[in-house]
Amino acid sequence: MVKAGYRLLFLGGLLSWLCLASPATSELQRLQHRVKPDGSLSFLVVGDWGREGNYNQSEVASQMGVIGEKLDINFVISTGDNFYDCGLTGEDDPAFFKSFTDIYTAPSLQKPWYNVLGNHDYRGDVEAQLSPVLKEKHSKWVCFRSFILNAEIAEFFFVDTTPFVNEYFTDPRQYNYDWKGVEPRDEYLFNLVKDVDSALKASSAKWKIVVGHHTIKSAGQHGVTVELEKQLLPILEANDVDLYVNGHDHCLQHITSTDSDIQFITSGGGSQAWRGKISSWKPEEMKFYYDGQGFLSVNMTGDRADLVFYDVFGQVLHKWSISKQLHDAA
Ligand SMILES: *[C@@H]1O[C@H](CO)[C@@H](O)[C@H](O)[C@H]1NC(C)=O
Ligand SMILES: *[C@@H]1O[C@H](CO)[C@@H](O)[C@H](O)[C@H]1NC(C)=O
């Protein structure tokens, strides 16, 4: 009996390993993160940060440390534009230390950082940010172009949004975008959209959270990214995504939708902010807009998520909850 039990366990383990490793449902890299012993999961979200501590980056970092400690966070999510102004020059670029490891020094932030790339990262050596060498330099650094993080109650779908934006190809101005690994672009985007769609369809997680650098709904300086609105949004709507989380606009923003239950969250206040350019937005969708620096915390269980935006002093700017039970009953 005991032996058979072990064999079953072993088989189960093997099967789940095979499922994880198999590209049958998706070509995207898959990672896993456990919930806390009480079944909850908490994390911080920051974007648009790497400026060697300037523009309040260090102040935001130290408050992230305080809140990270309070929530006993599992990890940090970066919504991209990790290194200004032009990404990293290579694996040896000292900006990795000056803008990342030397800044986010609080003990609570020594957790995995799940990063996506922003358009500024694409102006440098993209492969340097993806390189295992950086992970050797600092074990908390996790960066892929697009990947999936399964955290039991929640599944996160990190999407490389920069290649969607036409302007970077048609009018790159003085910048040299590093499109190695992206070209041919049509094929890259086609496969990415297909993989995200099938991974979302296959997901049985209670919460589906999509993370990208660029906005889908935003009243900020950059506004709506029309390419994502056209190519990515329909997939999110068709697959009951709960949250779309992005950076790009250097602000903190919470927008709901009259077309779906998706909530659109901008956390792009990691350093330079105060752009002073805000467009009007449907008041029934616009829940909160803050033009300055800060970050987001999320604490979730299987049926409830508590979200909080903080400013540079760690003061609560805006908080709200999402309940799954209510949501499912509705
Ligand atoms: C830093 O934050 C304070 C408080 O929000 C703000 O008054 C100040 O302008 C910010 N500094 C910069 C450079 O953005
Ligand atoms: C996270 O939320 C759960 C459920 O609401 C709660 O029990 C737990 O205390 C919260 N954790 C923190 C650190 O606030």
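**Close-up views of annotated sites and a ligand shell**

**View 1. A group of residues annotated as a binding site.** In an unreviewed UniProt entry, the annotation "binding site" covers Asp81, Asn119, His213 and His248. These residues are spread over 168 residues of sequence, yet they cluster in space, with a largest C-alpha distance of 8.4 Å. The model shown here, as in the views that follow, is a predicted one.

View 2. His213, listed in the UniProt annotation "binding site" (unreviewed entry), is placed in the loop that runs between strand S8 (207–212) and helix H8 (226–231). His213 counts as buried because 32 other C-beta atoms lie within 10 Å. When residues up to four places away in sequence are not counted, His213 touches Thr79, Gly80 and Asp81, then Val116, Leu117, Gly118 and Asn119, and also Thr161, Thr162, Asn246, Gly247 and His248.

**View 3. Asp81 in its loop.** Asp81 is found in the loop between strand S3 (75–78) and helix H3 (95–101), and it is buried because 30 other C-beta atoms lie within 10 Å. Leaving aside neighbours within four places in sequence, the contacts of Asp81 are Gly47, Asp48, Gly118, His120, Asp121, His213 and Gly247.

**View 4. Asp48 and its contacts.** The loop between strand S2 (41–46) and helix H2 (57–71) holds Asp48, which counts as buried because it has 30 C-beta neighbours inside 10 Å. Apart from neighbours within four places in sequence, Asp48 is in contact with Asp81 and His250, as well as with Gly118, Gly247, Gly268, Gly270 and Ser271.

**View 5. The shell around ligand 1.** Around ligand 1 lie Tyr55, Asn56, Ala273, Trp274, Gly292, Gln293 and Val312. Sorted by class, this shell around ligand 1 has four nonpolar and three polar residues, and no charged residues.

Methods:
Residues numbered from 1 in each chain as written. Chains lettered and ligands numbered in written order. Predicted model: local features only at pLDDT ≥ 70, side-chain atom pairs only at ≥ 80, totals over all residues. Near = placed C-beta within 6 Å. Nonpolar A, V, L, I, M, F, W, Y, C, P; charged D, E, K, R; others polar. Helix = DSSP H or I, 4+ residues; strand = E, 2+ residues; numbered from the N terminus. Buried ≥ 20, exposed ≤ 12 C-beta atoms within 10 Å, placed from the backbone. Contact = placed C-beta atoms within 7 Å. UniProt positions renumbered as here; feature names shortened; annotations may be inferred.
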